[in-house]
Amino acid sequence: MAVAASITAPLTESIHYFRHLSPEKQAASGLLAAASLPLLYHIFALIRQDYRGWMALGPGGLPYNVRGWLINSALRPLGRETKGTDCYDREKLRSMGGDVGNKGWLGDLPVRTGSRPYIGPWMAPHRQMDQLASPELNKALRLRFDDIISKNRNIITTKLSVIERQGEAIFIADDIPSPHAIAAGVRREITHIHERNDFSLHCTLSPEDAKLVVLNGWGERHPLAGSILFSTCYTMIYAPRNEEELDVVCRIVCASIAFMTGGKDVNF
């Protein structure tokens with residue numbers, strides 16, 4: 001009864017208020033309400049479209065339901081630009097990389113041809129929406145990823161992603177201490193593939209390599225990178241479109257492993 005009263009009381013008060021308005025004001029209020037209906041319908045349509053688009057991405061990071069979508073929506077005002085590179089030159093960021101904070105492993109990285117893919121507007125999951133590869137190339141990426149893992153078991157391990165909360169991710173090996181604050185900030189997770197949909201990746205790179213990856217068009221920062229949630233170096237790597245790009249993406253993965261393990265040698 002108390003719940004019902006709390007719902008009906010405001011409506012009853014509104015009806016009482018409306019009845020005591022003059023006929024002129026009642027007419028004006030009615031016209032205003034009628035004029036607002038198309039706008040309200042348009043807003044509702046946009047909300048429904050955004051929710052359906054977010055659900056179409058599949059699970060990733062947030063609860064896969066209305067609650068997750070609401071959390072994503074609440075995070076949107078925190079989103080930042082994703083392709084500028086001045087942030088990587090800040091001394092504070094480089095110092096967070098410890099002994100390898102000024103080091104890079106991708107000095108001869110080529111420039112990616114063509115335009116960048118369109119990235120969905122959502123904070124999580126953070127996904128690539130076009131320029132997607134064939135199933136055969138996606139399978140080849142997974143095989144190369146597994147090959148890198150098998151060749152570097154002395155410095156890395158695999159676990160459920162703590163960032164995506166699903167799927168396998170590469171982590172620093174348990175017997176290697178976190179070499180710097182950036183590694184500790186992402187809970188030692190190095191990289192993961194988004195295998196349920198676009199086959200893009202997320203990697204945490206050194207500031208120098210992250211800058212080069214963004215400049216040469218191979219990826220961009222997560223929109224929440226640089227916030228309390230993610231390091232500035234947390235980077236989306238676009239899905240490879242051909243065998244040549246597959247080689248480059250695997251080089252980027254190895255550079256991420258090298259940085260996150262404190263400069264350990266990586267077998268490629």
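**Close-up views of a predicted model**

**Cysteine view.** The closest cysteine sulfur to that of C254 belongs to C250, at 7.0 Å, too far for a bond. Seen from C250, the closest cysteine sulfur is that of C254, again 7.0 Å away. The structure therefore holds 0 disulfides, a disulfide being a pair of cysteine sulfur atoms within 2.5 Å. C250 is buried, with a relative accessible area of 2%, and C254 is buried at 9% (buried: under 20% relative accessible area, 1.4 Å probe, protein chains only). The model is predicted: local features need pLDDT of at least 70 and side-chain atom pairs pLDDT 80 or more, whereas totals for chains, interfaces and linings use all residues. Residues are numbered from 1 along each chain as its sequence is written, and side-chain values use heavy atoms, without hydrogens and water.

**Histidine view.** H194 occupies the loop between strand 3 (189-193) and strand 4 (201-204) (strands: DSSP runs of E, at least two residues, numbered from the N terminus). H194 is buried, with a relative accessible area of 2%. Its side chain makes a polar contact of 2.7 Å with the side chain of S200 (N or O atoms within 3.5 Å, one able to donate a hydrogen and the other to accept it; residues adjacent in sequence count only if both atoms are side-chain atoms). Beyond neighbours within four places in sequence, H194 is in contact with residues including H126, R127, E164 and F199 (contact: heavy atoms within 4.5 Å).

**Helix view.** L40 is placed in helix 2 (residues 23-56) (helices: DSSP runs of H or I, at least four residues).

Terms used
Buried < 20%, exposed > 50% of the residue type's maximum accessible area, 1.4 Å probe, protein only.
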